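Have the model open while you read.

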Amino acid sequence: MTTVESPPAPPAPPTPGGRANPLVALVRNSWRQLTSMRTALVLLFLLAVAAVPGSVLPQRNVAVEKVTAYFTAHPDLAPVLDRLWGFDVYSSPWFAAIYLLLFGSLVGCIVPRLRDHTRALRARPPDAPHRLDRLPFSSSGERAGAPAEVAAALHRMLRGRRWRVVTRTAPDGALTVSAEKGYLKETGNLIFHYSLVVVLIGVAVGSWWGWHANRLLVAGPEKAFCNSLQQYDEYGLGARVSGAGLPPFCLELTGFEATYQETGQPASYTATVAVTGSGADRSSSFAVNHPLRLSGANVYLLGHGYAPVLRYTDRYGQSQTTVAPFLSKDAMMTSEGAAAFPDTNVDPKTGARDPNLQVAFEGVYLPTVPDQPPLTASAFPAERSPGIMLWAYRGNLGLDSGVPGSVYRLDGRQIANGQLKRLEPTPHLLRVGESWTLDDGTTLEFLGTRPYATLSIRWDPGEKIVLVGTAALLAGLMLSLAGRRRRVWFRVTTSGSTTIVESGGLARSDHPGFAAEFALLARGPE
Amino acid sequence: MAALSDQFLVVTLLSYLVAMICHAAEYSFGARGVIAKAAVRELAGAGGPPVSVEVGADGPAGVPAGTAPGRVDRARLAGRAAVAVTILGAAAHLVTLVSRGIAADRMPWGNMYEFVLTVTFVGVAAWLAVLARRTHLRHLGLFVTLVMVVLLGVAGMVLYAPIAPLVPALNSYWFAVHISMMCLASGTFLVGFVAAAMYLIRAGYDKGRRSFPYTLGARVPGAEALERLTFRLHAFAFPIWTFGVAAGAIWAEAAWGRYWGWDPKETWAFISWVVYAGYLHARATPSVKRSTATWIAILGWATMLMNLVGVNLFLSGFHSYSGL
């Protein structure tokens with residue numbers, strides 16, 4: 001992206017022995033076209049327009065559940081949009097085409113500019129034009145002293161003001177002093193544009209060698225997990241990352257503290273974990289905005305919730321305990337979930353398992369049960385008066401069907417086809433420590449809750465490259481916008497016994513203050 | 001303190017309204033002397049003819065025949081009063097912000113109402129800073145105060161949210177860095193937008209257009225001065241916007257685990273960045289007409305508005321702090 005538009009492509013010079021190869025000409029002209037400022041501007045504009053659909057349509061890499069919801073809401077439109085990468089805009093071929101063309105245009109422009117600029121940095125300021133009075137700024141006057149002294153004084157003055165100066169002797173004996181300043185503008189401009197390439201490289205490194213995974217971690221030693229793909233609820237690996245190459249560590253949630261305002265608005269969350277397996281074992285706390293930094297992975301606290309602990313005692317007197325994380329659905333932490341007991345009511349004598357005597361509970365957990373009914377939503381997010389409202393189900397849970405289902409709710413198809421029956425029409429409220437005897441004499445006890453944290457474990461090796469690139473980009477940008485390239489010339493001649501100094505100035509970039517600066521310089525050294 | 005803040009919002013709004021009326025009075029009754037002088041000075045300063053010229057600042061020549069000198073003085077008085085009332089309004093604006101911050105015990109940038117309050121304050125401050133150095137631009141005040149009255153009115157009536165503490169995700173020192181930079185850049189872009197719009201109107205007027213928006217161009221500063229002001233404001237705001245986005249990315253890395261995630265607000269910040277970058281490039285390209293470049297700046301402000309209003313109200317994402 002040159003600041004000055006490239007001139008219209010000159011006709012291709014004839015190659016020796018005949019006309020230019022049309023293919024070569026086509027390639028050359030396309031390249032010229034691509035690297036022109038006009039094309040770059042159009043591509044910039046296209047990039048802005050192409051980014052819009054990604055903010056309007058749900059994106060898979062941001063919120064995959066919203067994409068699913070969109071498919072349900074618009075069954076006709078969604079597949080069409082999907083084929084156009086409407087739900088993966090930022091990894092779509094057309095988005096990539098735009099930014100790659102833009103970067104092609106950028107590179108095609110800044111490489112020659114770097115060459116020109118290094119040449120300009122080494123070159124001496126150009127000789128004075130013949131007619132200084134034709135320049136935008138000019139003046140002339142007499143000076144005291146011999147021409148050589150006057151020229152030397154001008155030279156010193158300009159050097160003192162950090163101009164790049166050269167004094168030449170013209171064939172007619174006149175002395176010319178040429179000076180130029182403001183090279184940092186172009187330097188900054190080039191730094192800015194090269195930094196954009198560095199940022200792009202950093203993004204690419206991150207997408208190839210980075211990985212991320214999500215995990216819901218319930219407190220307690222038996223719920224600890226280690227960093228391997230099987231342990232994650234959801235994950236994404238960069239193209240150059242293999243599941244075996246993940247750094248080794250294990251995490252156990254040992255504590256979770258949440259504080260709230262009286263209004264129920266959260267004030268702080270802090271999770272404490274025991275870290276093992278990566279060097280020294282240790283206990284670490286981390287919070288929102290303060291991730292846990294391990295070597296090769298960062299652990300972020302995304303959310304939290306409650307996992308009710310439920311003990312079911314079946315008709316043979318066998319007990320089973322489950323810790324079932326319930327997902328919060330509002331700001332007061334009203335949480336929904338299910339607890340399934342598929343391996344209950346197995347006759348201990350015969351070992352026979354009746355698939356129609358499986359038991360499950362579904363309902364809501366309220367950390368603070370409201371004083372007045374309806375008891376459907378929690379009144380406060382902390383556990384001030386915890387209670388759980390459950391429906392009991394008995395029958396075939398459908399877990400053996402092979403169809404993947406959510407652990408947070410029961411299989412709706414089994415309920416619909418009558419294989420799983422709700423035992424009572426209304427839910428039952430259980431307080432901590434209370435137990436509930438079902439119609440067949442089996443009991444469910446609510447033992448309490450354990451906290452859980454939802455964690456995002458991520459690693460992006462391109463981050464530092466992007467950070468350095470961005471810092472350089474900013475520095476270059478400021479130099480480029482603040483810098484002002486300008487040239488001045490002085491011609492010292494003699495007319496009889498008097499010394500005459502002509503001066504001329506040219507601001508090569510928009511510089512309202514140049515008139516004053518030129519006037520000061522033209523007055524000469526005091 | 002919260003009540004104090006709300007009362008001072010009314011004072012602020014009324015001050016800007018009065019300033020707007022004073023500007024309008026100056027505008028309607030005033031002579032073109034001031035503007036004409038400015039235009040002449042601009043012509044000389046821009047070095048239009050390539051030979052050095054004596055500055056022809058013989059101002060009174062610009063006063064059109066038939067304008068009584070008394071009227072001119074009264075108009076000038078109205079203009080000065082407008083500036084004074086704007087300064088008063090800015091002081092009340094600052095009190096509104098500070099008392100809101102004290103009442104909430106944090107930086108007053110926690111929701112959309114407070115954000116608009118801050119952006120408009122930065123806008124007024126930027127306008128007064130410009131005015132201190134270039135008094136001949138005073139006529140623009142009518143449009144600046146108009147925009148402020150509209151934005152503050154919307155803030156007070158539609159976006160108002162009671163004081164609430166910050167959610168944990170916002171509780172970080174990056175909050176101060178990121179949001180102050182975004183406010184500063186947005187406020188400057190806002191004044192830049194006013195200058196850009198006035199430049200387009202003035203340029204159209206100079207071309208002989210006399211239909212409605214262009215008639216406003218009769219009494220604003222010269223097109224070249226407006227165009228240069230537009231550029232300088234955008235050139236000032238663009239690096240700040242860049243830094244604000246970068247600071248947001250660093251914060252996002254700590255809070256959400258990734259520096260960039262194409263959240264709607266991030267996407268629109270990127271779109272604004274790209275459009276404003278396009279403006280700066282277009283302006284640096286001689287073959288692109290200045291009016292075309294300025295239209296890109298107008299488009300840039302449209303994307304800023306989309307980000308402020310559209311994204312907060314219609315699109316959900318991580319940046320859901322509007323408080324509505």
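1. The C-alpha centres of domain 1 and domain 2 of chain B sit 20 Å apart. Domain 1 covers 1-31 + 67-165 and domain 2 covers 166-324, with bounds from an automatic or database domain assignment.

2. Some housekeeping: this is a predicted model, where local features need pLDDT of at least 70, side-chain atom pairs count only at pLDDT 80 or more, and totals for chains, interfaces and linings use all residues. Residues are numbered from 1 along each chain as written, chains are lettered from A and ligands numbered from 1 in the order written, and side-chain values use heavy atoms, leaving out hydrogens and water.

3. About 2,900 Å² is buried between the two domains of chain B, 80% of it from carbon and sulfur atoms (accessible area, 1.4 Å probe, lost on putting the parts together, summed over both). On the domain 1 side, Trp109(B), Met112(B) and Phe115(B) supply 22% of the area buried, more than any other three residues.

4. In contact terms (heavy atoms within 4.5 Å), 35 residues of domain 1 of chain B meet 36 of domain 2.

5. Which elements give two or more residues to the domain 1 side? They are α1 (2-29), α4 (112-133) and α5 (141-159) of chain B, helices being DSSP runs (H or I, at least four residues) numbered from the N terminus. The largest share, 10 residues, comes from α4(B).
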